[in-house]
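Subject: Structure for your review

Dear colleague,

Please find below the structure that I am handing over to you.

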Amino acid sequence: MATAGEIAPKFALPDQEGKVHRLSDYRGKWVVLYFYPKDDTPGCTKEACSFRDEKGRLEQMGAVVFGVSADDTHSHGKFALKYGLNFPLLADPAAEVIKAYGAWGKKNAYGKEYEGILRQTFLIDPTGHVARVWEKVNAEDHALEVAQALEELQRV
């Protein structure tokens with residue numbers, strides 16, 4: 001798992017419109033990279049809408065937001081359109097970036113254990129280092145939590 005203080009794993013992934021985003025394209029900005037299990041599911045929708053609603057505040061602090069899941073660009077496009085999502089959703093169907101960040105692991109639902117995408121967020125600083133990691137995320141209030149952490153980090 002990528003941890004605070006380490007150089008963030010590189011990525012180059014397409015968004016819902018087919019545009020490829022690379023971490024290196026955002027050097028000099030804060031990057032909020034959040035991993036979520038599946039488009040248009042209850043928890044993932046709450047989390048995405050939370051980031052949609054906080055995007056302006058995060059941008060004012062010099063941050064860009066990316067959601068990442070293993071869904072394809074077509075699925076991301078439908079999800080973004082349905083909820084008016086105003087930031088890129090990155091498609092990682094092979095889960096290579098998901099695994100590079102350590103956002104893949106054992107999950108438990110209804111007593112069954114399986115492997116899948118873990119709801120985790122990484123705040124990457126303008127130099128490309130991981131500044132903060134959230135391993136356990138409350139989907140509904142998470143974007144606010146990230147914005148508050150970014151404010152704290154920028155005060156230091």
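F66 has a relative accessibility of 1%, so this residue counts as buried, the limit for that word being under 20%. Please bear in mind throughout that the model is predicted.

The ring of F66 forms a pair with the ring of Y26: the centres are 5.1 Å apart and the planes stand at 70 degrees, which means that the pair is edge-to-face, as angles over 60 degrees are classed that way. This pair joins distant parts of the chain, since Y26 belongs to the loop between β2 (20–22) and β3 (30–35) while F66 belongs to strand β4, 40 residues apart. Both Y26 and F66 are buried.

**Further aromatic rings**

In general, two aromatic rings are described by how far apart their centres are and by the angle between their planes. The count for this model is 10 aromatic pairs. In one of them, F11 and F66 have ring centres 6.1 Å apart and planes at 70 degrees, so this pair is edge-to-face. Here too distant parts of the chain are linked: F11 is in the segment before β1 (12–14), F66 is in strand β4 (residues 63–69), and 55 residues separate them. F11 counts as buried because its relative accessibility is 5%.

Elsewhere, ring pairs connect Y34, Y36, F51, F79, Y83 and F87 into a cluster.

**The surroundings of Q16**

Where is Q16 found? Q16 is in the loop between β1 and β2. Its relative accessibility is 18%, and therefore Q16 counts as buried. Polar atoms of the Q16 side chain lie 3.2 Å from the backbone oxygen of F87 and 2.7 Å from the backbone nitrogen of L89. Leaving aside residues up to four places away in sequence, Q16 touches T73, H76, G77, A80, F87, P88 and L89.

**A hairpin**

Strand β6 (residues 104–109) pairs with strand β7 (residues 112–117) in the antiparallel sense, over six bridges. Which residue of β7 is the bridge partner of G105? The partner is G116. Two residues lie between the strands of this hairpin, and Y110 takes a positive phi near 55 degrees.

Yours sincerely,

A colleague

Methods:
Residues are numbered from 1 along each chain as its sequence is written. This is a predicted model: local features need pLDDT of at least 70, side-chain atom pairs count only at pLDDT 80 or more; totals for chains, interfaces and linings use all residues. Side-chain values use heavy atoms; hydrogens and water are left out. Rings of Phe, Tyr and Trp (its six-membered ring) pair if their centres lie within 6.5 Å; planes under 30 degrees apart count as stacked, over 60 as edge-to-face and the rest as tilted. Helices (H or I, at least four residues) and strands (E, at least two) are DSSP runs, numbered from the N terminus. Buried means under 20% relative accessible area, exposed over 50%, partly exposed in between (1.4 Å probe, protein chains only). A polar contact is a pair of N or O atoms within 3.5 Å; within protein, one must be able to donate a hydrogen and the other to accept it, and residues adjacent in sequence count only if both atoms are side-chain atoms. Contact means heavy atoms within 4.5 Å. Two strands pair if DSSP finds at least two bridges between them.
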